Every structure is written in structure tokens, then in C-alpha cells.
Amino acid sequence: MAGKTQVVFLNEDVTIYCKIPGSLLLDSSIMGVIWFRKIGGSEMEARLYEYYGGHQAAFRPGASVSLELLERGDASLRLPGIQLREAGEYRCEVVVTPQKAEGVVQVEVVASPAGKVTLDQAPTKENRYARVVCKTSGFYPESITITWEKWTQKAPQHLQISEGEFSGPPVKNEDGTFNVTSYLTLKSPVEADGAIYCCVVGHVSLHTSQRFSLPVTETGFLKVEMAGKTQVMFLNDDVTIYCKIPGSPLLDSSFMGVIWFQKIGGSEMEARLYEYYGGHQAAFRPGASVPLELLERGDASLRLPGIQLREAGEYRCEVVVTPQKAEGVVQVEVVASPAGKVTLDQATMKENRYVRLVCKTSGFYPESITITWEKWTQKAPQHLQISEGEFSGPPVKNEDGTFNVTSYLTLKSPVEADGAIYQCVVGHVSLHTSQRFSLPAIETETSTGNVFGNNFYSIPVAAVIIGLIFNFYLI
């Protein structure tokens, strides 16, 4: 058997163990099994199940012994949905003709407590105290311990409270389980401000004590914090929009709810993106989620995979820790960083008069962007801004809502091109610092004095064109 005592949980499908130790394959046709349970405190027994001569009968609905396991020496009894009244002494009688053996075990049926912490009375100007209520229900046996603890950011450890707490007597339910209510009175608003109060429940059915928590503020209401007024996201990134209960320890998600909304366009209408209530969650925006293990630690932040430009706007997070509710609002901006490339315009080179550099910047959002040109030479090794010969076209909108723009720099004489590095400098709201897109040094044959003449495609310049390298600089 499973020792002298076997503990099982109310309403669970249980197995009461009875095995022939070290048994090899047996012939079930010459075996028999009977299971009994003592009735009340008497010596009388009720027959629950029997198997003999290939026939089996269940006198307790659903009672069974697996014949496949019985042939391997396992005569354990299966009972679906065990009840409190079925606790007591069980006897297993096994026959392997002509031998007989029996075993006895005491079965204890327990039920774990469910808990809920609520604010019974919030502090006001007229009533300068709050009362926190812990309702613990559905437990068995009756004996239970309830204490109170406090947690604050200033003292981030669970401190037991010895004053202002009171627990009523356990009340028996129709199914035989018990309920009990405990109260904690906070005598001043200072006690309530920003604290987390935990109802700590100890019971024989629990391996460790359970904590049921409630955040309480000076106003008696729940608070949430967002990531400031605005949160900036990058196009196509998997993003997290923050919404947290500040300083929260472990909460019970079964008494919590979360709904996330997004305003539609410039209207006051809202679209529901995600909700979690009563242990059930639903995503109305594909992929939207709030991890429940983080929610129990006070983090109701929304995860959105692959955010798009159209999803920018006002987001609202609504959190419920029964019976309290709080909400927070944040403006989400979606941006896209520009990609850039600098090339030589070969068409202008054939005209043998000047060189034109082209900077193509693409895939950025929002539309506003600044593009300037800078020059660097070995003779003047610092970035000098160029104010002449540069021109930028208007931004062009792409199908995905991002923009492209092209900027040009015209070098009117070979002296301007000699040995210089030219950089297209891009400034955009999506960048922490400006980006530089560069073209390697352009060399000329100044000794001939005819770079822009018939010998324009001389070896040094041709090498630049053929071996054009795109360099990317961050400053």
C-alpha cells in the first residue's frame, strides 16, 4: 500500500495503491481482487469493487482496477471524483490461487483553500481608516491559520502585522468544506499609502503557505504606471507597451482582469485589442498577449508582434484587482529608421564637365528628414559642411507608408573631387544621432590637367567607379 495513510484531494480522480511487490506477469484468470471501505466509525465494511474468474463488478460508481496492470501485480483502485465522505480505512484483498494477501490504508480527503482579498472600506476625509478583507473558502479539514503581512517599496520584505487583524470562526458549507473571513483594519492613511497587504493562509492541504494580495493606496484605489506619456516603437519590431502596478508582489490572477484598447483614428471610439478575465483570455489583434506569470507580479504589459505604422495612436490599459480598477493611457509612436546609399551618377561623367554624387535614403517614417553634405580630405581632416551644389528632391511615399528621398551633390571642377571623401548626413527622429553614408576618396590625374576632358575614364577614376564601396558611419 502507499504507507499507512494516503492523502487525496476533493473531487479529483484518485488511485488508491495496492501492489504485489516484484511481481512478474500473472494470469488474471486465476486471480481475484476485492476492495472494501469501513463504514463510519464501525467495524462494518462496504464492498466497493470485485474481480473474480474474469468478471468484475463496481459497487461504487466508476470504481475500477485495470486488468492489464493486474496481470503485472498492480491491483490499485481507481475512484473518479472522490468526496469528503469517502475518507476512511480501505482494505485491498488479492488472491492468486491458492494464495491470498491483504493490505490496509487510511485515506484522507482534503480540499485546498481559495482566497480573495478585497478593500471593504476605503479611507476618506470623513472616515480615516481602511479595512482589508480576506475571504478564504472551500477548504477541508476545518483547521486553518490566517496571518497578515505588509510589503512596501521602502521596506521590500514581508513584515507580519500583529495589530488590527481579526478572523471570524470557520463556517461549514453544504459539501462539508469550510469558509472563513479575516479582517485587517488600517487606522491611518499613512498605513495604506503605496503598500501591498497579504493574507497568508496555512493549511494541511498546502505544501507552503499561500499569499493572497491587494495593493492599497492612500485613496484606497489601485494604481498603474505606463512608460511615460509617449512610447516610441520601431516598425516591424515585436514590442511591449508597458502597464504595471508599482511595487506589486505576487497577486492572484483568478481575481484579476486586464483589457487593452486602442483609439480608432482621430475619433473617440476604441478598438479592443486584448482581454483577460476569469481565467480566460482573448486576443482581438492577432498575436496580442499578456503573460499570466507576469500579470501575477503586477505586470499587465501588452505584447504585440510586428507592429505596423497604422497601429500608432493612443493605447489604454485597464486593470482590475477585484473590487478595484485602475487605468493608464500612453501615446504610441511608430517610426522607421532610414537606410542610405551614396553612388556616383555615371551619366554626368560622360558629359565630361562635372561629377554628381547621389544619396538615396529609403524606408523612413515619419516624413520629416534632414539631409546635408559634408567633405573630408587629408589636407583638412575634419567634416566640412557643403552649402553649394546640393539639392534634395521631395519625399516619395511607399506602399507601406514609409518614405524615400534622393539628394544630389554636384562637383563643378576636378579640384573639388581630388582625394576627398563625401558624406551624405541624415537626421531623423528615429535616430539617436545623425547617420553618415559615404563614398570613398575620388582621385584625379591633376598632372594632365584633363580629368574632365577626354581622359575622364583614366585608371584612378575608373577604379573608384568599379570598386565603389558603400560605407556606413555613425557619429
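Modeller: Accessible areas here come from the Shrake-Rupley method with a 1.4 Å probe. The model is a predicted one.

Biologist: What share of the accessible surface of the chain belongs to carbon and sulfur atoms?

Modeller: The accessible surface of the chain comes to about 24900 Å². The part of that area belonging to carbon and sulfur atoms is 52%.

Biologist: How many strands does the secondary structure of the chain hold?

Modeller: The chain has 475 residues, and 43% of them count as buried. Its secondary structure includes six helices, and the strands come to 37.

Biologist: Is Pro169 buried or exposed?

Modeller: Pro169 sits in the loop that runs between β13 (165-167) and β14 (171-172). Exposed means over 50% relative accessible area. Pro169 has 63% relative accessibility, so it counts as exposed.

Biologist: Which residues is Pro169 in contact with, leaving aside neighbours within four places in sequence?

Modeller: Asn179 lies 10 residues from Pro169 along the chain, with 8.6 Å between their C-alpha atoms. Contact is judged on heavy atoms within 4.5 Å. On that basis, with those neighbours set aside, the contacts of Pro169 are Asn179 and Val180.

Biologist: Which residues touch the most other members of the largest nonpolar core?

Modeller: The largest nonpolar core has 53 residues, and those touching the most other members are Ile241, Trp260 and Leu302. At least three residues of this core come from each of two domains, domain 2 (114-215) and domain 3 (225-335). To return to the residues asked for, they are Ile241, Trp260 and Leu302.

Methods
Residues numbered from 1 in each chain as written. Predicted model: local features only at pLDDT ≥ 70, side-chain atom pairs only at ≥ 80, totals over all residues. Heavy atoms only, no water. Helix = DSSP H or I, 4+ residues; strand = E, 2+ residues; numbered from the N terminus. Buried < 20%, exposed > 50% of the residue type's maximum accessible area, 1.4 Å probe, protein only. Core = buried A, V, L, I, M, F, W, Y, C linked by side-chain atoms within 4.5 Å. Domains from an automatic or database assignment.
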